[in-house]
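I opened my notebook to look up a few things in this fold. Here is what I went through, entry by entry.

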Amino acid sequence: MVDISTTIGSLRIKNPTMLASGIMDEDAGSMHRMIRSGAGAIVTKSIGLHAREGYPNPTVLELEYGLLNAMGLPNPGIDAYEDELQLLKKSRVPIIGSIYGATPDEFARLADTMQHCGAAAVELNVSCPHAKHYGMEVGCDTQLLYKIVTAVTEQVTIPVFVKISPNVTNIVEIASAAEQGNADAIVAINTVKAMKIDLETRQPILANKTGGYSGRAIKPIGVRCIYDLAQHIKLPLIGVGGITTGQDAVEYFMAGASAVQLGSAVYYRGPDVFRAVCTELKDWMSAHGYTNVSQLVGAALP
Ligand SMILES: Cc1cc2nc3c(=O)[nH]c(=O)nc-3n(C[C@H](O)[C@H](O)[C@H](O)COP(=O)(O)O)c2cc1C
């Protein structure tokens, strides 16, 4: 019998596939749809203190091997989003509230509201590659990140996840700052900073010019980040980036992840991708003699 349940610190999930932030999670209806599709946990859209419109179109492009987006963190602000979270209070799977901000105080206030609304954990998005003031500036400054994580972990009792960027050379230092601030898990990776130029107009196509690349093309980058982190960080790791099949999930587990998140795969394989990935994972595990996900975690590490 294959058991694909997993734990991330104190959080137990019935299967290791979580919906990644920003995809089909703008309201309770779409998140319910993902829960029905078999996701083990749901990460909300990243929410800030105040409503944000995001960037003008075009904001998402389908490229040859993945998606390029510069949404600009559009969201209704935490007060309006509370109504959506209330509708999910009886959800049978954990809801993880993703939040962004610029200061420790902003993050602490947002985390507090997420906890109050029933979130099982919060995920600090400090790694958006295209949101001015709220993205990489926060996640690359290790001292500021330490203060943010400390402020949040002192404010809430639910687990605190920190989502980090691949667009840096010191990913381990950044994760260490989060670890020192008492984070409960590291999520890696956010999108890879990228650009697409239209040959006819000779201009970048995205209104914001640069965006974040996601989907299958970035899986080797995500796997490398988890592998590096697993050798230096004691916290549980959640792998994200290009996971589309059960075997992709196995690769992330072997690199050191205890759970995975799927974003672009919902676009490529449809909302039922969670059930499909879990079936593929179970089939692969039983064919290879594994009975528990924990047996795979870190199997590729030196
Ligand atoms: C359209 C779109 C919107 C996204 N919005 C967010 C967001 O609000 N917060 C966040 O932390 N990540 C956001 N992401 C990044 C994803 O959560 C994920 O880290 C990334 O897409 C890599 O995973 P994937 O290859 O499975 O898509 C977004 C990604 C896409 C494609």
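Before starting, I wrote down how handedness is read: a crossing is left-handed if the near helix is turned anticlockwise from the far one by less than a right angle, and right-handed if clockwise. I also noted that this is a predicted model.

**Entry: a helix pair.** With that rule in hand, I looked up α8 and α10, and their crossing is right-handed. α8 covers residues 246–255 and α10 covers residues 273–287; the two pack at an angle of about 65°, and their axes are 7 Å apart. Angles of 65 to 115 degrees count as roughly perpendicular, so α8 is roughly perpendicular to α10.

Which residues make this contact? From α8 I listed G246, Q247, A249 and V250, and they meet V277, E280, L281, D283 and W284 in α10. By type, I have five nonpolar, two polar and two charged residues in this contact.

**Entry: the barrel.** Next I traced the strands and found a closed barrel of eight, in the order β3-β4-β7-β8-β9-β10-β15-β16, with parallel pairing. From one strand to the next, the twist averages 25°.

**Entry: the ligand.** How many residues surround the ligand? I have 27, and the closest are A20, G22, S214, G263 and S264. β6 (67–69) and α9 (264–269) each supply at least two residues of this shell. The shell divides into 11 nonpolar, 14 polar and two charged residues.

Terms used:
Residues are numbered from 1 along each chain as its sequence is written. This is a predicted model: local features need pLDDT of at least 70, side-chain atom pairs count only at pLDDT 80 or more; totals for chains, interfaces and linings use all residues. A residue is near a molecule or strand if its C-beta atom, placed from the backbone, lies within 6 Å of it. Helices (H or I, at least four residues) and strands (E, at least two) are DSSP runs, numbered from the N terminus. Ala, Val, Leu, Ile, Met, Phe, Trp, Tyr, Cys and Pro count as nonpolar, Asp, Glu, Lys and Arg as charged, and the others, Gly among them, as polar. Two strands pair if DSSP finds at least two bridges between them. Axes are lines fitted to C-alpha atoms, for helices over the stretch in contact, and angles run from 0 to 180 degrees between N-to-C directions. Angles under 35 degrees count as roughly parallel, over 145 as roughly antiparallel, 65 to 115 as roughly perpendicular and the rest as oblique. Two residues are in contact if their C-beta atoms, placed from the backbone, lie within 7 Å.
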